[in-house]
Amino acid sequence: MDKIVELNGVNKVYGTNRVVKDLNLFVEEGEFLTLLGSSGCGKTTTLRMIAGFEEPTTGTIKVQGENVEAKEPFERNVNTVFQSYALFPHMTIYENIAYGLKVKKVSKAEIKKSVLEMLDLVQLNGFEHRYPSQLSGGQKQRVAIARALINHPKVLLLDEPLGALDLKLRKQMQLELKRLQKKLNITFIYVTHDQEEALTMSDRIAVMHDGVIDQLASPTEIYEHPKTKFVATFIGETNIYDGCITSIKGEIANITLENGEVSVKCPEDFSILEYASVSVRPEKMKFSTKKVDGFGLVAQVKDYVYVGSVLKCIVALPNGNELKIERLAGQELPKVGSKCYPYWNPEDAVLIHNESHYIFEALNNIKLA
Amino acid sequence: MSKSRLNFKANTLPAIVMVGPVVVIMVLLIAVPLIYVGIMSSCSIDEFYNVTYNFTLENYIRLANQDYLKIYSQSICIAFITTLICILIGYPFSYFIARTKSKKKKILYMLVIIPFWTNSLIRIYGWRTFLGTNGWLNIILQLLNITDEPIDFLYKTGATVLGMVYCLIPFMILPLYTSIEKLDVTLLEASSDLGAGSMKTFVNVILPLTSGGIFSGSLMVFIPCLGYFFVSDILGGGNSDVIGNLIERQFQGGNNWPLGAALSIVLIVVTLALVKVYQKLGGDMDALGV
Ligand SMILES: Nc1ncnc2c1ncn2[C@@H]1O[C@H](COP(=O)(O)OP(=O)(O)OP(=O)(O)O)[C@@H](O)[C@H]1O
Ligand SMILES: [Mg+2]
């Protein structure tokens, strides 16, 4: 597949505030890529640089292999769906959607054909004579999408397009957007801070944190093998603790946490005596009434919460930290207040480098030299 | 709810005490004089120019006089040109101060406001001194050898229009500034994103969305322009009279108050009609400052 959008070493500085830092990002043709991150991490800024509303301070941006930093937004084969919809209030829905063709001096008959096609695509037939103020949020959103698609862009940029909709409508629009993207085979670059949305819709997710992409991978990979502590905690629920690798036997590493030792499957780039974090999803956690080999955690069951089909269990460790454990409802479980031994299959936990890894590496390099 | 209403009532003075003074002032200073002008406009005068209360419509009929019609059209023409010039100068200026991010914004805005603090009569006299045959402009032009003889700038329609524009342009800039400031920048970005260059964005998005400001600015320039008699008096020297001059003359030299009152009533009615048109077109009454 071809790279349709390429960002190389892109930096954006506002005054003294470095908002986007050395960003490298490749988007493949026909892909649904999501920029996911907490508020203020630079998602919108990145999107606006691709659209052409902001210029990168340094670095290059290519669309279809062509440098576009110097090009105006209207010279780029990229269209944007704005978070606030940005529909022209003085134009009807028809005129709004037709706008992109009208400014290109396309013939009236052709415009009509395209607009009707677009209205059909977003299921808004019959709304053409209304004004934006006469539409609901979801309908406005569809108009914004139709308006952006009428130019047949190579890439569609969407900045939290569903942010203003209620949960039910949002879920429905997520599916519709995904269907549209598949049908038209257009590259989508999608910005959201909703991790669930990102997981359900994307082919790949770029998790941004403080102007940096922490990890760029498929939703499964991001969920199951987070690269950084931020990614692990931002996406889904997790139990995460820092510790030191005290021994490595074959594939399994023993980590000593504050509350005792645990066993985790160890990737090759970890070494003994290194400080690392262990992340275990609540649904991968188990507990036993007897001590399990390789695990030295002891805890007290504090509380159970029923959430439909699953049961959330909170257990407390001796130092006061809590672990979240999720079980299918209906299983035999230790009583509240009783003692238990949390454990997991070593391959279900993820080992994550933390900052000390880099210090450790640097020290090693000095020793070697 | 009902309890808080009760409390509210208990804690304030009776309504009559609260609004009473305002009503009295409004009635005495606005309603009564207006009614008086209305009555006056249908009075007649005797041979000694004394007002007699013989009610008649003759004053209104006299307004259709050939000479008056000429001055109405001349006045409307001046007001129209003044409004147009105010738009042409005011729009780019307002756009610039509304959109600039620099700190000069406040200073530029103040430059528009400050002239309000000086009497406009004095400022118009200033222009007469500046433009006169012995004025600074002619001195400079002669020093630069652009002209040998002093040029007669004054007492022409052009001078009146200049004075009108000078006096009234703040009334154009302020509503324009407000409407441009309110314009959502993402709409401009959307337009650009969809393929429109800056000219097309201006025509298709900026202009229609600021038309309310243009209209209210125009109204606020056009209407006073019909009445600012001192500008045409001082700079036009009687060669470019506006409706205001006619009214002023009836009350002063002409000493025909009923006729002047009839003229005033017509001007008020025309003004109200224009405001009504503006409202019908969907104009924002707040933008007029009324
Ligand atoms: N025009 C600007 N001038 C100065 N700082 C800016 C500007 N635009 C954005 N910033 C700053 O850049 C940072 C990133 O902003 P950005 O809008 O990209 O965040 P975001 O990831 O889209 O957040 P959100 O999820 O809240 O929309 C913020 O700290 C913001 O204050
Ligand atoms: Mg944003």
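**Ligand surroundings and helix packing**

Analyst: In chain A, helix α1 (residues 43-51) gives the most to the shell around ligand 1, with three residues. Keep in mind that this is a predicted model.

User: Which residues are around ligand 1?
Analyst: They are Tyr14(A), Val19(A), Ser39(A), Gly40(A), Cys41(A), Gly42(A), Lys43(A), Thr44(A), Thr45(A) and Glu160(A).

User: And how does the shell split by class?
Analyst: Around ligand 1 there are three nonpolar, five polar and two charged residues.

User: How far is the side chain of Lys43(A) from an oxygen atom of ligand 1?
Analyst: An N or O atom in the Lys43(A) side chain is 2.7 Å from an oxygen atom of the ligand.

User: What about Ser39(A) and Thr44(A)?
Analyst: For Ser39(A), a side-chain N or O atom is 2.5 Å from an oxygen atom of ligand 1. Thr44(A) has a polar side-chain atom 2.5 Å from an oxygen atom of ligand 1. On its own, ligand 1 has 630 Å² of accessible area, and the protein covers 59% of that.

User: Switching to helices. At what angle do α4 and α5 of chain A cross?
Analyst: Helix α4 (residues 137-149) of chain A and helix α5 (residues 167-184) of chain A cross at roughly 15°, and their axes come within 12 Å. Angles under 35 degrees count as roughly parallel, so α4(A) and α5(A) are roughly parallel to each other.

User: Is that crossing left-handed or right-handed?
Analyst: α4(A) passes α5(A) in a right-handed crossing.

User: And in chain B, how far apart are the axes of α6 and α11?
Analyst: The axes of helix α6 (residues 120-131) of chain B and helix α11 (residues 229-236) of chain B are 9 Å apart, and the helices pack at an angle of about 20°. α6(B) and α11(B) are therefore roughly parallel to each other. α6(B) passes α11(B) in a right-handed crossing.

Key
Residues numbered from 1 in each chain as written. Chains lettered and ligands numbered in written order. Predicted model: local features only at pLDDT ≥ 70, side-chain atom pairs only at ≥ 80, totals over all residues. Heavy atoms only, no water. Near = heavy atom within 4 Å. Polar contact = N/O pair within 3.5 Å; in protein donor to acceptor, adjacent residues only side chain to side chain. Areas by Shrake-Rupley, 256 points an atom, 1.4 Å probe, with all protein chains shown as cover. Helix = DSSP H or I, 4+ residues; strand = E, 2+ residues; numbered from the N terminus. Nonpolar A, V, L, I, M, F, W, Y, C, P; charged D, E, K, R; others polar. Axes fitted to C-alpha atoms, helices over the stretch in contact; angles between N-to-C directions. Parallel < 35°, antiparallel > 145°, perpendicular 65-115°, else oblique. Left-handed = near helix turned anticlockwise from the far one by under 90°.
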